[in-house]
Amino acid sequence: MHLVCPHCLAINRVPDDKPALDGQCGKCKEPLFISEPLEVNELQFKRHLTRNDIPLVVDFWASWCGPCQVMAPSFKLAAQQVEPAGRLLKVNTEQQQALASKYGIRSIPTLMVFSQGQEVARTSGALDMSSLLGWIKQYI
């Protein structure tokens, strides 16, 4: 399994017989999982999308968005329960307008699940913790 380091973006190969949650980056020696969503820019997003063998759950949000702010703590807690089966990313649509445009983000928050580099699910609107985990677990 290939995993992108959340710290240095190096590609790491984790053998199937090793627990991924305990993995460390071969380059920077930092943990491969940090139990919280990663705020990414366009380059980092592309790296995670194209080189991770685990699904990605992406929150497209903005700082001025009230529902985004309401859902943010639940999304952060979800990372602790989803890793290492998946990785949670956050894309600030104000700072990463090209990404928001590329994926047709029309309302926020919008959550998307990607597997093998392809979108497999999308939903818009804030979700409470139970609904968020239920939605994520359908796809991971």
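**Helix 4**

I started with helix 4 and listed its buried residues: M129, L132, L133, W135 and I136. I then looked down the axis of helix 4 and found these buried residues within an arc of 165 degrees, so they line one face of the helix. I keep in mind that the model is predicted.

Next I asked what covers the buried residues of helix 4. The cover includes strand 4, helix 2, strand 6 and strand 7. I noted that helix 4, residues 129-137, lies across strand 4, strand 6 and strand 7. Its direction runs at about 25 degrees to strand 6.

I also checked the N-terminal end of helix 4, which is capped by D128. A side-chain oxygen of D128 lies 3.2 Å from the backbone nitrogen of S130.

I traced the strands and found an open sheet of five, in the order 3-5-4-6-7, with mixed pairing. Strand 3 (38-39) and strand 7 (118-124) are at the edges, and each has a single partner strand, so one side of each has no neighbour in the sheet.

I then looked at helix 2, residues 66-82, which packs on the sheet and touches strand 4, strand 5 (87-92) and strand 6. The direction of helix 2 makes about 155 degrees with that of strand 5.

How many bridges join strand 4 to strand 6? I found five between residues 56-61 and residues 110-115, and the two strands run antiparallel. I followed D59 across to strand 6, where its bridge partner is L111.

**The cores**

I turned to the nonpolar residues. In soluble globular proteins, nonpolar side chains tend to be buried together. Here the largest nonpolar core has 20 residues. Which of them touch the most other members? I wrote down F45, V58, Y103 and F114.

I looked up where the core residues come from: helix 1 (42-51), strand 4, strand 5, helix 3 (97-102) and strand 6 each supply at least two. Strand 4 gives the most, with four residues.

I then found a second, separate core of 15 residues, with V57, M129, L132 and W135 among them. M129, L132 and W135 were already in my list of buried residues of helix 4.

**W64**

I looked for W64 and found it in the loop between strand 4 and helix 2. Is W64 buried or exposed? W64 is exposed, with a relative accessible area of 57%.

Leaving aside neighbours within four places in sequence, I saw W64 in contact with E94 and I108. The side chains of W64 and E94 make a polar contact of 3.2 Å. I also compared W64 with D22: the two are 42 residues apart in sequence, and their C-alpha atoms are 36 Å apart in space.

**N52**

My last entry is N52, in the loop between helix 1 and strand 4. I found N52 buried, with a relative accessible area of 5%; the cut-off for buried is under 20%.

What does the side chain of N52 reach? I noted the backbone nitrogen of V4, at 2.8 Å. A polar contact of 2.9 Å also joins the side chain of N52 to that of H48. Apart from neighbours within four places in sequence, I listed H2, L3, V4, R47 and R87 as contacts of N52.

How values were computed
Residues numbered from 1 in each chain as written. Predicted model: local features only at pLDDT ≥ 70, side-chain atom pairs only at ≥ 80, totals over all residues. Heavy atoms only, no water. Pairing = 2+ DSSP bridges. Contact = heavy atoms within 4.5 Å. Axes fitted to C-alpha atoms, helices over the stretch in contact; angles between N-to-C directions. Core = buried A, V, L, I, M, F, W, Y, C linked by side-chain atoms within 4.5 Å. Buried < 20%, exposed > 50% of the residue type's maximum accessible area, 1.4 Å probe, protein only. Polar contact = N/O pair within 3.5 Å; in protein donor to acceptor, adjacent residues only side chain to side chain. Arc of directions from axis to C-beta.
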